Amino acid sequence: MDEEPERAKRWEGGYERTWEVLKEDESGSLKASVEDILFQAKRKRVSEGHGQVRLGMMRHLFVIIDSSRSMEDQDLRPNRLTSTLKLMEFFVEEYFDQNPISQIGIITTKNKRAEKLTDLAGNPKKHLAALKKAVDSTCVGEPSLYNSLNVAMQTLKHMPAHTSKEILVIFSSLTTCDPANIYELIKTLNALKIRVSVIGLSAEVRVCTILTRETGGSYNVILDESHFKELLMLHVKPPPASSSSECSLIRMGFPQHVIASMSDQDAKPSFSMSHLDSTGEPGLTLGGYYCPQCRAKYTELPVECKVCGLTLVSAPHLARSFHHLFPLEAFQETPLEEYEGERFCEACQGELKDKSVFTCLACKKVFCVECDLFIHDTLHCCPGCMQTDRTS
Amino acid sequence: MKLNIDGLLVYFPYDYIYPEQYSYMLELKRTLDAKGHGVLEMPSGTGKTISLLSLIVAYQKAYPLEVTKLVYCSRTVPEIEKVVEELRKLMDYYTKQTEAKNDFLALALSSRKNLCIHPEVSALRFGKEVDGKCHSLTASYIRAQHHSNPSQPVCQFYEEFDAVGRQVPIPPGIYNLDDLKDFGRRKGWCPYFLARYAILHANIVVYSYHYLLDPKIADLVSKELAKKSVVVFDEAHNIDNVCIDSMSVNITRRTLDRCQTNVETLQNTISRIKETDAAKLREEYSRLVEGLKEANVARETDMYLSNPVLPDEILQEAVPGSIRTAEHFVGFMKRFLEYLKARLRIHHVVQESAPQFLKDIYEKVCIDRKPLRFCAERLRSLLRTLEIADIADFSAITLISHFATLVSTYSKGFTIIIEPFEDRTPTIANPVLHFSCMDPSIAIKPVFGRFQSVIITSGTLSPLDIYPRILDFRPVTVASFTMTLARTCLCPLIVGRGNDQVAMTSKFETREDFAVIRNYGNLLLEMSAIVPDGIVAFFTSYIYMENIVASWYEQGILENIQRNKLIFIETQDAAETSMALEKYQEACENGRGAILLSVARGKVSEGIDFVHHYGRAVIMFGVPYVYTQSRILKARLEYLRDQFQIRENDFLTFDAMRHAAQCVGRAIRGKTDYGLMIFADKRYARADKRGKLPRWIQEHLTDGSLNLTIDETVQLGKHFLRQMAQPFRQEDQLGLSLLTLEQLQSEDMLQKIAQIAQQA
């Protein structure tokens, strides 16, 4: 998130035992704390994704956002709903950034019903607008896991087999109100190869555990807001494709951006095709991307051509999703005591204070934990190596 | 893996071991070495059963002359089956490792109802009916009649077993109840009698407590067990109550009425037999003159487990003349019955000791102490002589005769209380005579006396020192083990106040207080909003639960709770409760979430496990003190104070806390499990209460969580549940709470293990 959410007044907040966070564990290593385990898991993620796996690059993802009564809980600031939607905006942007040829759709569930907020589409604008609007909606009643999964399934089941079909549920409530046996639905989802992942906002719910286990998704429960963001970002990365999914060639167009300068007399302002169905102000623009097949004009990429159905992307987009296939190799972890050398992280220039340091195997530069994660999760290239490349 | 426990090679059928299991085995080994008794407390879900079995089996294999048999006593049939399954795993491991053929015989024994394969008899629904029907097909005189008159039905399975079953020993192996039945069907032998016979030479016997503790049954089943056996009582936290129940007798007016019919039947049968077969009665008479010498000889050679109902003295004497003939005995019983009826016709409560009762009966109806003592034996002999087929019909008179024998045998440790009505319904006359045992050590004494080692073990035995005192024995090892955890998966919290700072307690004075009830309701409401899936709430009694739930309903709290979770209630009706339980589990399973309201000391609190999502939180509303106005309890407390120097309050607190620990322990059934334990009563914070909780709960109870408000509890609970929901894999446990063989052998791990056991 760009800005910190404004802190609630002290008396509005819950009862917290801030001092306990600082407390050292006297009982020694006998009781490793949950944080330790989490830290291990974090590292594992980085080192894990390095096998030669096929990734489902073309994703169809439905995000189900619980909007039931429990979303009004204030343990995330200012409340769960606002915080979630804000993170979702960030997620949508990041998602399209990293998966340019994928689509997303949003479903909300409240009052025992499921409602489609936006349909599966490849344009972030529309989703962002819908998310912004959803902030003002009220949270009432109970969610229905069954209904919302069913709505998502109805669309996803028509998607071609070579795409990765996913559902991500952000589940705040601890109960669900279902019209039928959910275990039957889980079986159907499994048969359709739809992967369901859940991020829980309050605690581990049994039915979600089963749901994710059966469909091959992941189930996580947030600890706090930053952990929430971290978990959400995990879903930005394309998941490994199941070995049974088909492969197929996809036709794509790489439209060129034609910049028409005002001085050019021939240029006439024109409408973009994407404005056809939007009610927003119809901007007349000069330049734009023109579909190589039918010459329809678009102002933004990636998009599916409305006229001929061709997927239009830009080359940098495709290149960006490329890095998933050739990820940066994991850095070597060494305990701080054994490390001899300058005690500064190469990236953030901060002092190395954590238990262990991380060395890039190529350039032998040293990084701290946070930077290590940042490099692997966001940058996807080692700043040390870049530097040496340039100098050499 | 193969372990070296203090010089003993132990085969352990799993690849990993918990440190506390290792420690447990060390203590157990020491106990066996010393040929003494032990009290061991280890939390449930840490593999107590397999540790016990692996060590004792290894010991049996290493020193076949020292320990010849393992007698494993458990409480319920499912538990028995579980033990046998563990044993099977162990034995499979043995065969795989040593590649020698298994020569161990282990079997489970249960009642006829669970073992019968006779097509008609096994179709009956109640245990009593099955027993009665079986007896009517297998009694010796029935079979003799069958000999002369083939139309008399007998059980062909028993006949077959009797003909050949005893000569051919059952092949070595592990038999659970179903295996026995299969084996019986294959051979055409009766599995029940086969099992009864086979326990004599089996290496391991798994059966219910009652076969060893209840003198009436122990006499039939267990009296020939070898002295060099190791006896294990698992889940033994209630063993004193089992002992007491097995020695106590309750007589109502209904019992007496049925007894009356029994006596009449007896009389008719006698007069009939007298006309047809007077020789039989004469024969019995002369046998009684001979006395019970046979039994006496057997006891002297120490072959039998002595029967506390049948005291030593009467074995040396002949049955007194006054009840030697059948008619006299029936007349005697009639008089005794009339006397009891008269005693029940009262309007106030009477409490007296056994000698007082005997004096009174002598004065009123001239019944002496001596014939009373022989009552049970005499009745048994008579029933045998009269060839009465259906023993089940005679349960009333058998009960009365047991009472007669017990009351005249023991002058100490028993009390007689006659109540004209129940306390709750003072207008309805419902007289009951309680002949109540106050000293659990009477029933268990022969067990301690006879067997080389007796191990008492459970998840909750704290405080450890009280069991040796009330059971009157001297253990060589007393130890409590904690649970080593890779993450703190239990979270005990004591909630003492509501958000309005009003103290929360189920104390008698404030029980009806509106504020307390409301706060309890709020606590449940708040918890229902943050705890996923299942919550189990325990109340101190059914009446209290009814009152509170009614009050919650009026205040609209129930309605609010139902928005979060469904509510199920345990009732005294077993069928209703099991239905509620089933639906409760369904609701937990499919994500709706549910709350089960139940009662400490009830069925749910004792036998039902709430693993994982079935119990994410347990709330204990109030301290589950036993109903202190009960006269039986008062008498027992007095006895404990006089005889064992245990103060009333100590015992009551001990009893309440062991039940509270049982209740909250329902939720944690293993190391991967997690759950909140909420004690909603400020009295739990007091050192005398807290100190009586098992060590594995106590050590997670920090000073900061002793007197919380509802708000604070919610915050802590939320935090805990989120922490626990983080992914947790087996690798995280390795090296801390789960060890491989190499890790186990490292120096500092051995040092750590030494700290796990705490000697009391």
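The questions and answers below go through a predicted model.

Q: How many helices and strands does chain A have?
A: Chain A has 392 residues, of which 45% count as buried. Among its contacts with a separation of 6 or more, 65% join residues 24 or more positions apart. The secondary structure of chain A comes to 11 helices and 15 strands.

Q: Where does the domain assignment place domain 1, domain 2 and domain 3 of chain A?
A: The C-alpha centres of domain 1 and domain 3 of chain A are 34 Å apart. In the assignment, domain 1 covers 54–236, domain 2 covers 252–321 and domain 3 covers 327–390.

Q: How far apart are the end C-alpha atoms of residues 60–202 of chain A?
A: The UniProt record, an unreviewed entry, annotates residues 60–202 of chain A as "domain: VWFA". This span is 36% helix and 27% strand, and its end C-alpha atoms lie apart by 27 Å.

Q: Is strand E5 of chain A mostly covered or mostly uncovered, and how many of its seven residues are buried?
A: Strand E5 of chain A takes in residues 194–200. A residue is called buried when its relative accessible area is under 20%. By that cut-off strand E5(A) is mostly covered, and the number of buried residues is six.

Q: Through which helix does the chain cross from E4(A) to E5(A)?
A: Strand E4 (residues 164–171) of chain A pairs with E5(A) in the parallel sense, over seven bridges. Within this pairing, Leu168(A) stands opposite Ser197(A). The β-α-β crossover from E4(A) to E5(A) is right-handed, and the helix it passes through is H6 (residues 182–191) of chain A.

Q: Through which helix does the chain cross from E5(A) to E6(A)?
A: E5(A) also runs parallel to strand E6 (residues 219–221) of chain A, joined by three bridges. Val198(A) stands opposite Tyr219(A) in E6(A). The β-α-β crossover from E5(A) to E6(A) is right-handed, and its helix is H7 (residues 206–215) of chain A.

Q: Which residue stands opposite Glu304(A) in E12(A)?
A: E11(A) and strand E12 (residues 311–312) of chain A run antiparallel and are joined by two bridges. In E12(A), the residue opposite Glu304(A) is Thr311(A).

Q: Where are the three domains of chain B?
A: The C-alpha centres of domain 1 and domain 2 of chain B lie 41 Å apart. Domain 1 is made of 1–104 + 203–236 + 452–487 + 733–759, domain 2 is 247–438 and domain 3 is 490–727.

Q: How far apart are the end C-alpha atoms of residues 7–285 of chain B?
A: UniProt, in an unreviewed entry, gives residues 7–285 of chain B the feature "domain: Helicase ATP-binding". The span is 57% helix and 13% strand, and its end C-alpha atoms lie apart by 60 Å.

Q: Which elements do the buried residues of H9(B) pack against?
A: Helix H9 (residues 191–198) of chain B is mostly covered, with six of its eight residues buried. The buried ones are Pro191(B), Tyr192(B), Phe193(B), Leu194(B), Ala195(B) and Ala198(B). They pack against strand E5 (105–108), helix H4 (112–115), helix H5 (127–138), helix H7 (156–165) and helix H8 (177–187) of chain B.

Q: Why does Ala62(B) count as partly exposed?
A: Ala62(B) lies in helix H2 (residues 48–62) of chain B. Buried means under 20% relative accessible area and exposed means over 50%, with partly exposed in between. Ala62(B) counts as partly exposed because its relative accessibility is 41%.

Methods
Residues are numbered from 1 along each chain as its sequence is written. Chains are lettered from A and ligands numbered from 1 in the order in which they are written. This is a predicted model: local features need pLDDT of at least 70, side-chain atom pairs count only at pLDDT 80 or more; totals for chains, interfaces and linings use all residues. Side-chain values use heavy atoms; hydrogens and water are left out. UniProt positions are given in the numbering used here, feature names are shortened, and annotations may be inferred rather than shown by experiment. Helices (H or I, at least four residues) and strands (E, at least two) are DSSP runs, numbered from the N terminus. Two strands pair if DSSP finds at least two bridges between them. Buried means under 20% relative accessible area, exposed over 50%, partly exposed in between (1.4 Å probe, protein chains only). Contact means heavy atoms within 4.5 Å. A crossover is right-handed if, with the strands pointing away from the viewer, the path from the first strand over the helix to the second runs clockwise. Domain bounds come from an automatic or database domain assignment.
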